[in-house]
Amino acid sequence: MSNVHVIDHPLVQHKLTLMRRKDASTNSFRRLLNELSMLMAYEVTRDMPMQDIEVETPLETMTSKVIDGKKLVLVSILRAGNGILEGMLSVVPGARVGHIGLYRDPKTLTAVEYYFKMPSEMQDRDIIVVDPMLATGNSAIAAVERMKELNPKSIKFVCLLACPEGVKNLQTSHPDVPIYTAAIDRELNSHGYILPGLGDAGDRIFGTK
């Protein structure tokens, strides 16, 4: 579990609790996810490389730090990943954005790809894959496998909630990929939902059934 990071900041945990409530409206759920994603982005990008540049302030010239290297890429696992994407882009507005469409086969629970669109020149970029729920881990595993085909500099996986089964599966398949989450819940049920969880994140973000 050394590569698993639970972001236990009080603000993160407070907002997560409000999101779990079954009577939280779509508007409230979406707003809280946006705020929570911004807070998580702060932690996930903590180790980004820096470089010194010379800048002119209104009073004098100085040396100061900026982020080094190619632009960060945020990769959303459709459709629920877009709920995290917006908040993270508020913090890192210069990031490039990619999308991968994966749906879970209801019988086998395996991930099936239906869409894939990434920025150009993915080599040597740092990638953050986002999806609110790490349940079975199948979608995350498939997404990370596709990212590795592009030879990026690094890959991280960010989710709102995880469960022991999903964490184990992702770590077994990709032990080199750090996992960042706001909480690791008790278990996965027979239908592939996290318990106690917060329900279907995609439906709650977009107000669908």
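Visitor: Which side chain is joined to that of Asp203 by a polar contact of 2.8 Å?
Guide: Happy to start there, and please keep in mind that this is a predicted model. Asp203 sits in helix α6, residues 201–206. Apart from neighbours within four places in sequence, Asp203 touches Thr208, Lys209 and one more residue, Arg79. The side chain that makes the 2.8 Å polar contact with the side chain of Asp203 is that of Arg79.

Visitor: Is Asp203 buried or exposed?
Guide: The cut-off to keep in mind is that buried means under 20% relative accessible area. Asp203 has a value of 19%, so Asp203 counts as buried.

Visitor: Let's move to Glu113. Which residue's side chain makes a polar contact with the side chain of Glu113?
Guide: Glu113 is found in strand β6, residues 111–117. Leaving out neighbours within four places in sequence, the residues in contact with Glu113 are Ile100, Gly101, Leu102 and Arg146. The side-chain polar contact of Glu113, at 2.8 Å, is with Arg146.

Visitor: What accessibility class does Glu113 fall into?
Guide: Buried is under 20% and exposed is over 50%, with partly exposed in between. Glu113 has a relative accessibility of 34%, so its class is partly exposed.

Visitor: How far apart in space are Glu113 and Tyr103, C-alpha to C-alpha?
Guide: Along the sequence, Glu113 and Tyr103 are 10 residues apart. In space, the distance from C-alpha to C-alpha is 6.7 Å.

Visitor: What is the orientation of α2 and α3 to each other?
Guide: Helix α2 (residues 26–44) packs with helix α3 (residues 81–91) at an angle of about 55°, and their axes are 7 Å apart. An angle under 35 degrees would be roughly parallel, and 65 to 115 roughly perpendicular. The two helices α2 and α3 are therefore oblique.

Visitor: How many charged residues does the contact of α2 with α3 have?
Guide: Residues of α2 in this contact include Leu33, Met38 and Val44, and those of α3 include Ile84, Glu86 and Met88. By class there are eight nonpolar and five polar residues, and the charged count is one.

Visitor: And which handedness does the crossing of α4 and α5 have?
Guide: Helix α4 (residues 138–148) and helix α5 (residues 164–173) have axes 9 Å apart at about 25°, which makes α4 roughly parallel to α5. Ala140, Ile141 and Val144 of α4 meet Asn169, Leu170 and Ser173 of α5. The crossing of α4 and α5 is right-handed.

Key:
Residues numbered from 1 in each chain as written. Predicted model: local features only at pLDDT ≥ 70, side-chain atom pairs only at ≥ 80, totals over all residues. Heavy atoms only, no water. Axes fitted to C-alpha atoms, helices over the stretch in contact; angles between N-to-C directions. Helix = DSSP H or I, 4+ residues; strand = E, 2+ residues; numbered from the N terminus. Parallel < 35°, antiparallel > 145°, perpendicular 65-115°, else oblique. Contact = heavy atoms within 4.5 Å. Nonpolar A, V, L, I, M, F, W, Y, C, P; charged D, E, K, R; others polar. Buried < 20%, exposed > 50% of the residue type's maximum accessible area, 1.4 Å probe, protein only. Polar contact = N/O pair within 3.5 Å; in protein donor to acceptor, adjacent residues only side chain to side chain. Left-handed = near helix turned anticlockwise from the far one by under 90°.
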